[in-house]
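Subject: The structure and some notes on it

Hello,

As promised, I am handing over the structure, and my notes follow directly below it. Please have it open while you read, and take your time over each part.

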Protein chains: 2
Amino acid sequence: MANSVLPRSVQQLINEFARLPGVGPKSAARLTFFLLRASDTQALDLADALREMKELTQFCSTCHNITEQDPCEICTGVGRDQGVLCVVEEPLDVLAIERSRAFNGRYHVLHGAISPVEGIGPEDLKIEQLISRTDHEPFREIILATNPTLEGESTAMYIQRRLDGKGIKLTRLARGLPVGGDLEYTDEITLGRALDGRQEL
Amino acid sequence: MANSVLPRSVQQLINEFARLPGVGPKSAARLTFFLLRASDTQALDLADALREMKELTQFCSTCHNITEQDPCEICTGVGRDQGVLCVVEEPLDVLAIERSRAFNGRYHVLHGAISPVEGIGPEDLKIEQLISRTDHEPFREIILATNPTLEGESTAMYIQRRLDGKGIKLTRLARGLPVGGDLEYTDEITLGRALDGRQEL
């Protein structure tokens, strides 16, 4: 979409939108021109929200979920079971599981899954931090709630091997999740059933 | 996606993204979480681009296209034919026509088309400004390049009536098969127009 007819600042915004996942140059131009004509404040509201999100959020030093306070609200939550840990790939997965209301323990966010194809190894994930937590926190059960994909399964198996002999019960979400699907897009009832039917590894 | 688990600033950004056209709550969450983990600068770059675009751009007081200087580069362009005016609905249409390199005149951007369904009348568009330009600028031809839709056709017809008797040649973009298109997939109305407008080899 490089074109001398476009003012530099407009082209710049199109370029920035086009860097987002799933936004091509045409969509980026559409979004930009929408904001050019939208109410005066909408573009600035979005700019402020971006800046604020970046300034206010951090990763919880315990569970590595996104938070505005460290440790996060779930890690410090009174009335949450400290003996059960749910290991997920992404912060959005925490959101999905919370929405199911079928889990009341703690979380650990790996920030990805092992994927040799994409060059993501165990050292790129928060796995060492997970192992370290098991030395200091009284977990009786760890739910390996990685996605039901090849990468998610490998990651769960890797963690299972690493935690072998620690005497912690390891479980996996029940089959019922569509294989090849994505945890964060699963409806809450299915996800609740999958939590209820979790099985020991 | 309202959920107490999400930090307020994260939810705020999701809400702002979801206000954009074609971005649903799920895509808004994806974009937000992408930016949460992207390089430190990417979210701020986008925020700066938004702010800058809003601060630096305005509409050209002559042709109503988007510009950083008023009058815009096309209106002040030396070597552009001042006698031919191309009337389009949107700034993106100017971009599309410039990319074709088949036009070297001036533009007039209406900022929409007449649409009774959406409650958009002639007074909501830059039509009076167009009529006024014809009194002061020496146009010998005006190309009514509104979209080949019901709204675009109505708008062109309305402008045609308003310019009647001014002695300016009014034209419309040719209808026909899109280049690289496939005859068997062409809709019957386009095909009818293509037959009506067939040209001798």
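By class, the lining of the largest pocket is made up of nine nonpolar, six polar and 10 charged residues, and please keep in mind while looking at it that the model is predicted. This largest pocket has a volume of about 570 Å³, and of the 25 residues that line it, those nearest its centre are Glu89(A), Glu90(A), Gly112(A), Arg30(B) and Arg37(B). Two elements give two or more residues to this lining, namely α4 (91-100) of chain A and α2 (25-37) of chain B, and it is α2(B) that supplies the largest share, with four residues.

The second largest pocket holds about 410 Å³ of space, and it is lined by 18 residues, among which Thr146(B), Asn147(B), Pro148(B), Leu173(B) and Arg175(B) are the closest to its centre. Here the elements that give two or more residues to the lining are α4 (91-100) and α7 (188-196), both of chain B. Sorted by class, the lining of the second largest pocket has eight nonpolar, five polar and five charged residues.

The helix α4(A) deserves a separate look. How many of the residues of α4(A) are buried? The count is nine of its 10 residues, so that the helix is mostly covered, a residue being called buried when its relative accessible area is under 20%. The buried residues are Pro91(A), Leu92(A), Asp93(A), Val94(A), Leu95(A), Ala96(A), Ile97(A), Glu98(A) and Ser100(A). They pack against β2 (66-67), β3 (84-88), β4 and α7 (188-196) of chain A, and also against α2 of chain B. Just after α4(A) comes Arg101(A), which takes a positive phi of about 55°.

Next come the aromatic rings, of which the structure holds two pairs over all chains. In chain A, Phe103(A) and Tyr107(A) form an edge-to-face pair, with 5.2 Å from centre to centre and 65° between the planes. Phe103(A) has a relative accessibility of 9% and therefore counts as buried, and Tyr107(A), at 1%, counts as buried too. In chain B, the rings of Phe103(B) and Tyr107(B) have their centres 5.2 Å apart. Why is the pair of Phe103(B) and Tyr107(B) described as edge-to-face? The reason is the angle, because their planes stand at 65° and planes over 60 degrees apart count as edge-to-face. Phe103(B) counts as buried at 14% relative accessibility, while Tyr107(B) is buried with a relative accessible area of 1%.

Is Ser115(A) buried or exposed? With a relative accessible area of 2%, Ser115(A) is buried. If its neighbours within four places in sequence are left aside, Ser115(A) is in contact with Ile120(A) and Glu151(A).

Finally, for the layout of the chain as a whole, chain A is divided into domain 1 (8-56) and domain 2 (81-172). The centres of domain 1 of chain A and domain 2 of chain A, taken over C-alpha atoms, are separated by 35 Å.

With best wishes

How values were computed
Residues numbered from 1 in each chain as written. Chains lettered and ligands numbered in written order. Predicted model: local features only at pLDDT ≥ 70, side-chain atom pairs only at ≥ 80, totals over all residues. Heavy atoms only, no water. Phe/Tyr/Trp six-rings, centres within 6.5 Å; stacked < 30°, edge-to-face > 60°. Buried < 20%, exposed > 50% of the residue type's maximum accessible area, 1.4 Å probe, protein only. 1 Å grid on protein atoms, 1.4 Å probe; cavity = no way out; pocket = protein on both sides within 12 Å on 5 of 7 lines; lining within 4 Å. Points joined across faces, edges and corners; volume = space filled by probe spheres on them. Nonpolar A, V, L, I, M, F, W, Y, C, P; charged D, E, K, R; others polar. Contact = heavy atoms within 4.5 Å. Domains from an automatic or database assignment.
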